[in-house]
Amino acid sequence: MLPRTHTREPHLSESQMGCCCDQNDVGESLTEPLAGDEAISAVIFVSDFSAVTISPMNSHFMALACRDTLRLIFQKLSVADLARASCVCRLWNSVSGEEDMVVRAFTSPWRIKEVVGKPASGSFWRDNGIWKFAISHRISRGDSVTSLAVKYSVQVMDIKRLNNMMSDHGIYSRERLLIPISNPDILVNSTCYIELDTYAKREVAVLYLEGGPESGPASTLNLSTLSAEGKRRLINSLRRSMQVDDGTAQYYLAVAEGNPRAAFSEFSADLRWERQAGQS
C-alpha cells in the first residue's frame, strides 16, 4: 500500500480573502502612485478584462486600491474600458465617475480642446462615437437640405434623420439644422457645446464653425423693422412649411410675436387639438 501523500493548503489571511469592495479602508492609506513601467502594466491589467481576473492575489491589487493610482490609470482608458472599470467595486466606480475622468475619456479620441455644458443624463458620456457630435448650421436664404448635404459632404438622409425631418419643407420652420460630421479632423482643438436639440430630440455635442451659441431669443423678429420683401419671404416660408394660405401664416406669426419657430409650434398644437376633437 502506497504511503499517503499530504499536501499543505496555503494559508490566506483575512485581508487576502476579502473582495475589492472591502479594501477601501486600506486603499485610502496608500498615497504613492505607481510610476513608469508599473503604471503602464497596470493600465494593461485594467483594460484587458477578458484575460485577467481581478483578485486580491494579483501583484498590483493593493496599489490599485489607491485613488491617486487609479486616477493615473483611468485617465488612459477609453470610454468602454472606463465603464467596465466602474463595475469592479465601489472605489473604482467612485473614481471612474469623476467628471474630469469621464470628460477626458469622451474627448480624448477626437482631441477636442473643451466640452462646455453638462448633459441632462449621465449616460451621455457612455458613447463617444462620431454620431454624438454635429455641426450647427444657421439656415439662411437659399438653403436646402440638398445644398447643405453637398456643402458638408454628407448624405441627405443623414441630415433628415438627425433632425427628425419628414420632408425637405421642414427646413423652413427652423433657425438651424444639425449637420452630421463626416470628417473627424474638424473636431481637433475645437470647443463643443452639449445641447438638447428640441427638433432632434437628443443631446448632442454641437460644434459652431463660426463663433458660439447665441444668447437670448434670437429667433424673435421685429416685424415692423422688416422690409416688405423680408415679410413676404418669411410668410412664404411659413406658408410652405405649414401648407396653409398667406392669411393663416400671418395670423400664427402675429400670435408668436414674430418668432417663426413658435408660430409653427402654435400651428402644430392647434392642428393636434382639432384632430383630437374630431375623434372624440
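This is a predicted model: local features need pLDDT of at least 70, side-chain atom pairs count only at pLDDT 80 or more; totals for chains, interfaces and linings use all residues.
**Confidence**

The protein chain has a mean pLDDT of 75, with 72% of its residues at 70 or more.

| Stretch | pLDDT | Contacts in the model |
|---|---|---|
| Residues 1-53 | under 50 | 69 contacts beyond four places in sequence |
| Residues 215-220 | below 50 | nine contacts beyond near neighbours in sequence |

**Overall make-up**

Twelve helices and five strands are found in the protein chain. The chain has 280 residues, and 38% of them count as buried. Taking the contacts between residues at least 6 apart in sequence, 59% join residues at least 24 apart.

**Helix α7 and its surroundings**

Helix α7 spans residues 99-107, and its buried residues are Met101, Val102, Ala105, Phe106 and Thr107. In an α-helix, residues three or four places apart point the same way, because there are 3.6 residues a turn. The buried residues of α7 pack against both helices and strands: the helices are α4 (67-74), α5 (79-85) and α6 (90-96), and the strands are β1 (114-116) and β2 (133-138).

Helix α6, one of these partners of α7, contains Ser94.

**The α8 and α9 pair**

A pair of packed helices is described by the angle between the axes and the distance between them. Helix α8 covers residues 145-152 and helix α9 covers residues 156-163; their axes come within 8 Å and cross at roughly 110°. Angles of 65 to 115 degrees count as roughly perpendicular, so α8 and α9 are roughly perpendicular to each other. Their crossing is right-handed.

Which residues make the contact between the two helices? From α8 they are Val145, Thr146, Leu148 and Ala149, and from α9 they are Val156, Ile159 and Lys160. Sorted by class, the contact of α8 with α9 comprises five nonpolar residues, one polar residue and one charged residue.

Conventions. Residues are numbered from 1 along each chain as its sequence is written. Side-chain values use heavy atoms; hydrogens and water are left out. pLDDT is the predictor's confidence in each residue, from 0 to 100. Contact means heavy atoms within 4.5 Å. Axes are lines fitted to C-alpha atoms, for helices over the stretch in contact, and angles run from 0 to 180 degrees between N-to-C directions. Helices (H or I, at least four residues) and strands (E, at least two) are DSSP runs, numbered from the N terminus. Angles under 35 degrees count as roughly parallel, over 145 as roughly antiparallel, 65 to 115 as roughly perpendicular and the rest as oblique. A crossing is left-handed if the near helix is turned anticlockwise from the far one by less than a right angle, and right-handed if clockwise. Ala, Val, Leu, Ile, Met, Phe, Trp, Tyr, Cys and Pro count as nonpolar, Asp, Glu, Lys and Arg as charged, and the others, Gly among them, as polar. Buried means under 20% relative accessible area, exposed over 50%, partly exposed in between (1.4 Å probe, protein chains only).
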